[in-house]
Amino acid sequence: MTLGPKLKEFEKKIAQYVGKKYAIGVNSGTAGLHLIIKVLNIKDNDEVITTPFSFVSSSNCILYERARPVFVDINPKTLNIDVSKIEKKITNKTKAILAIDIFANSADWDELTRIAKKYNLYLIEDSAEALGTEYKDKKCGSFGDAAIFSFYPNKQITCGEGGMILTDDKNISDFCYSMRNQGRRKENNKWLEHIRLGYNYRMPEVCAAMGIAQLKRIEEILEKRAEVAYLYNEKLRDFQEIKLPPNAKNWFVCVVRMNDRDRIIKEMIENGIQCSDYFQPIHLQPYYREKFGFKKGDFPICEQISERTIALPFYNNLQEEQIDYIVEILKKIIKQ
Ligand SMILES: Cc1ncc(COP(=O)(O)O)c(C=O)c1O
């Protein structure tokens with residue numbers, strides 16, 4: 001079953017948790033981003049300012065509507081879009097800024113809001129990775145015209161697959177509500193009447209039920225993740241070869257940085273420890289290189305950081321003995 005009482009309850013609880021009027025459940029964070037691009041009427045060569053240091057769907061959603069992502073390099077401290085470089089990239093085609101709370105670190109929402117207002121741009125928050133993060137006493141997912149969360153399995157809470165759109169704007173909410181359900185009318189919802197070209201982006205009830213159960217445990221989950229991050233930090237902090245992530249309250253991943261990254265990942269995997277490079281810059285993805293002609297050197301800070309990142313194994317119930325083992329192997333491999 002879809003669109004039943006569990007979805008309503010999950011939407012209500014997420015909206016309350018984040019402090020927004022409307023929450024619209026969808027079947028992925030990517031679907032949520034796509035609907036936001038649609039509802040804001042971003043299309044055909046419009047430009048959207050965003051960061052290349054993200055998961056590819058934060059830019060793909062712009063391409064779905066034939067608009068163009070305009071990348072701005074990142075701030076090396078926060079790994080989020082460098083707000084001081086945004087204004088130079090604004091043109092008369094710019095429609096929106098799509099900023100991301102990368103690795104559960106909040107973007108600079110005060111400055112982003114100021115710029116968006118000054119240039120009359122829409123502001124979109126991709127908070128896929130940041131459920132539970134706060135920026136100046138407000139929850140991430142509450143900034144901009146609309147925001148999304150993802151509930152993919154590596155996220156703070158998961159539904160298997162799923163996403164949520166958050167907004168205070170009734171028109172955005174009504175449109176997304178209709179568009180996720182094949183363009184059906186929201187009111188007098190006749191099942192076989194379609195008033196716009198929509199999608200099947202519905203979240204199944206079973207996923208919503210998982211979401212409700214997980215959201216009940218959110219504080220416990222965030223604490224467990226913070227404990228895992230703390231242990232990594234304690235055990236690695238004297239090891240000069242590794243750059244640790246900045247201290248944070250909310251943790252999505254534990255991404256450390258080091259030289260000779262590719263060899264280290266390969267050998268970690270050979271030793272049975274799953275690690276990955278995280279993220280490869282979006283502008284250097286083969287599809288983006290081919291379509292837009294992006295090349296190495298276009299966004300040097302993002303590239304220098306990405307070349308050295310390793311996401312260490314990270315999940316709520318990772319035990320101290322397992323972390324000891326990972327750290328021991330990692331140190332051994334680095335020293336070789
Ligand atoms: C920053 C970011 N944006 C968007 C998404 C897309 O979410 P989903 O996988 O639920 O489509 C993800 C992750 O999966 C992400 O990390």
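1. A word on terms before the helices: an axis here is a line fitted to C-alpha atoms, taken for helices over the stretch in contact, and angles run from 0 to 180 degrees between N-to-C directions. Please keep in mind throughout that this is a predicted model.

2. With that in hand, look at helix H1 (residues 5–18) and helix H6 (residues 205–216), whose axes come within 8 Å and cross at roughly 35 degrees. The crossing of H1 past H6 is left-handed. On the H1 side, the residues that meet H6 are Pro 5, Lys 6, Leu 7, Glu 9, Phe 10, Lys 13, Ile 14 and Tyr 17. Their partners in H6 are Glu 205, Ala 208, Ala 209, Gly 211, Ile 212 and Leu 215. By class, this contact has nine nonpolar residues, one polar and four charged.

3. Next, the sheet. Seven strands make up an open sheet with mixed pairing, and their order is S1-S9-S8-S5-S4-S2-S3. Strand S1 (22–26) and strand S3 (68–71) are the edges, each pairing on one side only. From one strand to the next, the twist averages 25 degrees.

4. Two helices that pack on this sheet deserve a look. Helix H2 (residues 29–39) touches S1, strand S4 (94–100), strand S5 (122–126), S8 and S9, and its direction makes about 165 degrees with that of S8. Helix H3 (residues 57–64) touches strand S2 (47–50), S3, S4 and S5, with its direction at about 140 degrees to that of S3.

5. Within the sheet, strand S8 (residues 146–150) and strand S9 (residues 163–167) pair in the antiparallel sense over four bridges.

6. The largest cavity holds about 110 Å³ of space. Its lining includes Leu 79, Phe 103, Asn 105, Trp 251, Arg 257 and Thr 309, and also Pro 245 and Pro 246. By class, the lining has eight nonpolar, three polar and one charged residues.

7. Finally, two backbone details to check by eye. Most residues other than glycine have a negative phi, and most peptide bonds are trans. The peptide bond from Tyr 278 to Phe 279 is cis, with omega near -5 degrees; Phe 279 lies in the loop between helix H8 (261–270) and helix H9 (286–292). Asn 120 has a positive phi, near 55 degrees, and is placed in the loop between helix H4 (109–118) and S5.

Notes: Residues numbered from 1 in each chain as written. Predicted model: local features only at pLDDT ≥ 70, side-chain atom pairs only at ≥ 80, totals over all residues. Heavy atoms only, no water. Left-handed = near helix turned anticlockwise from the far one by under 90°. Contact = heavy atoms within 4.5 Å. Nonpolar A, V, L, I, M, F, W, Y, C, P; charged D, E, K, R; others polar. 1 Å grid on protein atoms, 1.4 Å probe; cavity = no way out; pocket = protein on both sides within 12 Å on 5 of 7 lines; lining within 4 Å. Points joined across faces, edges and corners; volume = space filled by probe spheres on them. Pairing = 2+ DSSP bridges.
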